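Please keep the structure in view while reading.

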Amino acid sequence: MKVVVFDYLGSIDPDSVGAVMDVGTWQAQPGIADAIAHLNHHGWHVVQAVNQPGLGRGSLEIAELTAVQQRLQKILNAAGGRIEAFFFCPHAPEEHCDCRKPAPGLLLQIAARCGVAPPELCVAGLWGFHQLPVARFPAIAFPMTTVTITQPGASPSQLESEVTRRVEE
């Protein structure tokens, strides 16, 4: 199974604030719906993994988070794409849980649910996997590839041919 895990900031959500502010005005990153639809159409299972410290702090309700996810799914559906599962850490950073990125807990959950080994996951976004606490999780080896696209307006097919093919190789 080919699984790509999208982070939120910089990949699905262009807002650098990093918090759900207003579902009514929330917009997806330009081009992300077409890119995800393209991945889906080429056999990739797309999931999302995000930190949601507002839940742990009480400044965000699960209904607000669900509303944003529903809005995102409508945007993706209109482009012919979908996110198959949504994983989130509901803890505040001061709780020091194992699921808050960059800890690998969410990736381990995703790998188990998808039936793949953690290194088989392809991760897209601004996640700091180079910051994984290896001393706490020494048996986990996630491959990391950083891709920077400097061509504005690159189409989904260009992304697949220039990035996805090389990741699969």
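## Helix packing and a proline site

In this predicted model, the buried residues of α1 are Ile32, Ala33, Ala35, Ile36, Ala37, His38, Leu39 and Asn40. That makes eight of its 10 residues, and α1 is mostly covered. Past its end comes Gly43, with a positive phi near 90°.

How do α1 and α3 pack, in angle and axis distance? Two packed helices are described by the angle between their axes and the distance between the axes. The table gives the values for this pair.

| Item | Value |
|---|---|
| Helix α1 | residues 32–41 |
| Helix α3 | residues 62–79 |
| Angle of α1 and α3 | about 65° |
| Axes of α1 and α3 | 8 Å apart |

The crossing of α1 and α3 is right-handed. On the α1 side, the contact uses Ile32, Ala33, Asp34, Ile36 and Ala37. Ile75, Leu76 and Ala79 meet them from α3. Seven of the contact residues are nonpolar, one is charged and none is polar.

Now the proline. Pro53 lies in helix α2, which covers residues 53–57. Is Pro53 buried or exposed? Its relative accessible area is 15%, under the 20% cut-off, so Pro53 counts as buried.

Which residues does Pro53 touch, leaving aside its neighbours within four places in sequence? Its contacts are then Cys89, His91, Ala92, Pro93 and Arg100. Arg100 is 47 residues away from Pro53 in sequence. In space, their C-alpha atoms are 8.8 Å apart.

How values were computed:
Residues are numbered from 1 along each chain as its sequence is written. This is a predicted model: local features need pLDDT of at least 70, side-chain atom pairs count only at pLDDT 80 or more; totals for chains, interfaces and linings use all residues. Side-chain values use heavy atoms; hydrogens and water are left out. Axes are lines fitted to C-alpha atoms, for helices over the stretch in contact, and angles run from 0 to 180 degrees between N-to-C directions. Helices (H or I, at least four residues) and strands (E, at least two) are DSSP runs, numbered from the N terminus. A crossing is left-handed if the near helix is turned anticlockwise from the far one by less than a right angle, and right-handed if clockwise. Contact means heavy atoms within 4.5 Å. Ala, Val, Leu, Ile, Met, Phe, Trp, Tyr, Cys and Pro count as nonpolar, Asp, Glu, Lys and Arg as charged, and the others, Gly among them, as polar. Buried means under 20% relative accessible area, exposed over 50%, partly exposed in between (1.4 Å probe, protein chains only).
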